[in-house]
Amino acid sequence: MRIAVLISGKGSNLQALIDQADQAQYEIGLVLSNRPHAEGLQKAKKAGIPTAILDHAQFDSREAFDTAMIQIIDSHKIEAVILAGFMRILTPIFTDHFLGRMLNIHPSLLPKYPGLNTHQRALEAHDKEHGLSIHFVTSELDGGPVILQAKIAITQDDTIDSLQKKVQVQEHIAYPLVTNWLASGDLMFKNNQVWYKNTPL
Ligand code: GRF
């Protein structure tokens, strides 16, 4: 399955997807960034993957930006979209177009802490555990049905930085795995629900 990976920054999840691609049923046909200087673009170029930059600041509205993204992605014959640190809110134009074939990874145990600053919020709430969620993307921000979560324990010495590092270790294992489930057809989105091997979760 040909996938596009959408990034805004470092691209460590993109790198994990690149590293696993040889053993997987997905092929990264495009890396698209809304930030011209996103570090992840270099990772894509090094791996010989086509890149596209679409600077959101050049568009009058979110809808115009999303429409332009759809055109680029579709022109690369992409079947699924993998959001990997893509820091733009998407409109229904985009989420409806890729409904059931777009995944996001979010650094919290959803439905806890949608949005930003998740590590800080988990620390401030004195949570004992934290983690990541991978979900299908719907029009609701960080609100689509969850496919998989990985948990980490929060200890007394944890900081925002240490939590981010621990969560990312898990992200780099989980995201290629779940992306491959989608690529292989094991993972599906039907009736607003997650299905794995023909069984609803
Ligand atoms: C990840 O922690 C992911 O959960 C969040 O954004 C971060 C992206 O990191 N959505 P990277 O650019 O993949 O290193």
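Modeller: Two ground rules. Residues are numbered from 1 along each chain as its sequence is written. This is a predicted model, in which local features need pLDDT of at least 70, side-chain atom pairs count only at pLDDT 80 or more, and totals for chains, interfaces and linings use all residues.

Biologist: Why is G11 called buried?

Modeller: A residue is buried if 20 or more other C-beta atoms lie within 10 Å of its own, exposed if 12 or fewer, and partly exposed in between, with C-beta atoms placed from the backbone. G11 has 23 C-beta neighbours inside 10 Å, so G11 counts as buried.

Biologist: Where does G11 sit, and what does G11 touch?

Modeller: G11 lies in the loop between β1 and α1. Here helices (H or I, at least four residues) and strands (E, at least two) are DSSP runs, numbered from the N terminus. Two residues are in contact if their C-beta atoms, placed from the backbone, lie within 7 Å. Beyond four places in sequence, G11 touches A38, E39, G40, K43, A84 and G85.

Biologist: What makes S12 partly exposed?

Modeller: S12 has 18 other C-beta atoms within 10 Å, so S12 falls in the partly exposed class. S12 belongs to helix α1. Leaving aside neighbours within four places in sequence, S12 contacts Q168 and H172.

Biologist: Which residues of α1 are buried, and what covers them?

Modeller: N13, L14, A16, L17 and I18 are the buried ones. Their cover includes β1, β2, α2, β4, β5 and α6.

Biologist: Which residues count as closest to the ligand?

Modeller: K10, S12, N13, G85 and P107 are the closest of the 15 residues that surround the ligand. The test for being near is a C-beta atom, placed from the backbone, within 6 Å of the molecule. α1, β5 and α6 each supply at least two residues of this shell. By class, the shell has 5 nonpolar, 8 polar and 2 charged residues. Ala, Val, Leu, Ile, Met, Phe, Trp, Tyr, Cys and Pro count as nonpolar, Asp, Glu, Lys and Arg as charged, and the others, Gly among them, as polar.

Biologist: Which residues does UniProt annotate as "binding site"?

Modeller: The unreviewed UniProt entry gives "binding site" for G11, S12 and N13. The same annotation name covers R62, M87, R88, I89, L90 and N104. UniProt positions are in the numbering used here, feature names are shortened, and annotations may be inferred rather than shown by experiment.

Biologist: How do you know whether R62 and N104 are buried or partly exposed?

Modeller: By their counts. R62 has 15 C-beta neighbours inside 10 Å, so R62 is partly exposed. N104 has 24, so N104 is buried. R62 is in helix α3 and contacts I89 and T91, beyond four places in sequence. N104 is in strand β5 and touches L83, H135 and V137, with the same exclusion.

Biologist: Why is β2 called largely enclosed?

Modeller: Because 5 of the 7 residues of β2 are buried.

Biologist: How do you know that β1 and β2 pair?

Modeller: Two strands pair if DSSP finds at least two bridges between them. β1 and β2 are joined by 6 bridges and run parallel, so they pair. One of the bridges links R2 to E27 in β2.

Biologist: What makes β8 and β10 edge strands?

Modeller: The open sheet has 3 strands, in the order β8-β9-β10, with antiparallel pairing. β8 and β10 each have a single partner strand, so one side of each lacks a neighbour in the sheet.
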